[in-house]
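Here is a short briefing to read alongside the structure.

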Amino acid sequence: MKSTDTPLPPDELAARLTEVFALVGPLYRRVHRKVEQAESIEGLSVGVRAVLDLLRQHGPMTVPQLGRAQTLSRQFVQRMVNDAAAQHLVETVPNPAHQRSSLIRLTSDGTAAITTVRTREHAALRQVSGNLTGADVDACVHVLTRMLALFDEVDVP
């Protein structure tokens, strides 16, 4: 039996990472559906929720910055920003760094909406079982970050 803190040979690593991919896809789709189900309660689509959360985390951003951060097309992000603006969740403000690319920032309604969503999500995630440790979560984040970096060169339309 191999030590768990010894790096895996490339072929074994590839096989184990395939197990991770097999879990990430269904997890993403289930979470996506759960957020869509909550849309009737909170009024936020998956895309608008993602925009609001990025703005909560990083402060005002341009549409291209939001697109890069989410690995989504600028056009799709613009539609989500437009939807959020129509609900008075975000507003456009001048960008001192770039005259033609305005900053998008949360309004007080947007801050309240994303806070409500994150509070509900936090309550749901508290129910994860398995006696997970901080080290378990650190390892998960580390592995997924490395896997994501492998695909940094993939173009987004």
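**A leucine and its surroundings**

L55 is found in helix α2, which covers residues 46-58. Keep in mind that this is a predicted model. With a relative accessible area of 4%, L55 is buried, because that value falls under the 20% cut-off.

**Around L55**

- Leaving aside neighbours within four places in sequence, L55 is in contact with P60, M61, L66, V90, I104, R105 and L106.
- T145 lies 90 residues from L55 along the chain, and the C-alpha atoms of the two are separated by 21 Å.

**The largest nonpolar core**

- This core has 20 residues, and L52, L55, L66, V81 and V90 touch the most other members.
- At least two core residues come from each of α2, α3 (63-70), α4 (74-86), β2 (103-106) and α5 (108-125).
- Helix α2 gives the most to this core, with 5 residues.
- In soluble globular proteins, nonpolar side chains tend to be buried together.
- Not counting residues up to four places away in sequence, L52 touches L44, L89, V90, L106, G110, A113 and I114.

**At the surface**

- L125, V128, L132, V137 and V141 make a nonpolar surface patch of about 480 Å².
- One of these patch residues, L132, sits in the loop between α5 and α6 (134-150).
- Is L132 buried or exposed? L132 is exposed, because its relative accessible area of 54% is over the 50% cut-off.

How values were computed. Residues are numbered from 1 along each chain as its sequence is written. This is a predicted model: local features need pLDDT of at least 70, side-chain atom pairs count only at pLDDT 80 or more; totals for chains, interfaces and linings use all residues. Side-chain values use heavy atoms; hydrogens and water are left out. Helices (H or I, at least four residues) and strands (E, at least two) are DSSP runs, numbered from the N terminus. Buried means under 20% relative accessible area, exposed over 50%, partly exposed in between (1.4 Å probe, protein chains only). Contact means heavy atoms within 4.5 Å. A nonpolar core is a set of buried Ala, Val, Leu, Ile, Met, Phe, Trp, Tyr and Cys residues joined through side-chain atoms within 4.5 Å. Patches are made of residues with over 30% relative accessible area and no salt bridge: like charges are joined within 9 Å, nonpolar side chains (Val, Leu, Ile, Met, Phe, Trp, Tyr) within 5 Å. Accessible areas come from the Shrake-Rupley method with a 1.4 Å probe; for residues, only the protein chains shown count as cover. A salt bridge is a side-chain nitrogen of Lys or Arg within 4 Å of a carboxyl oxygen of Asp or Glu.
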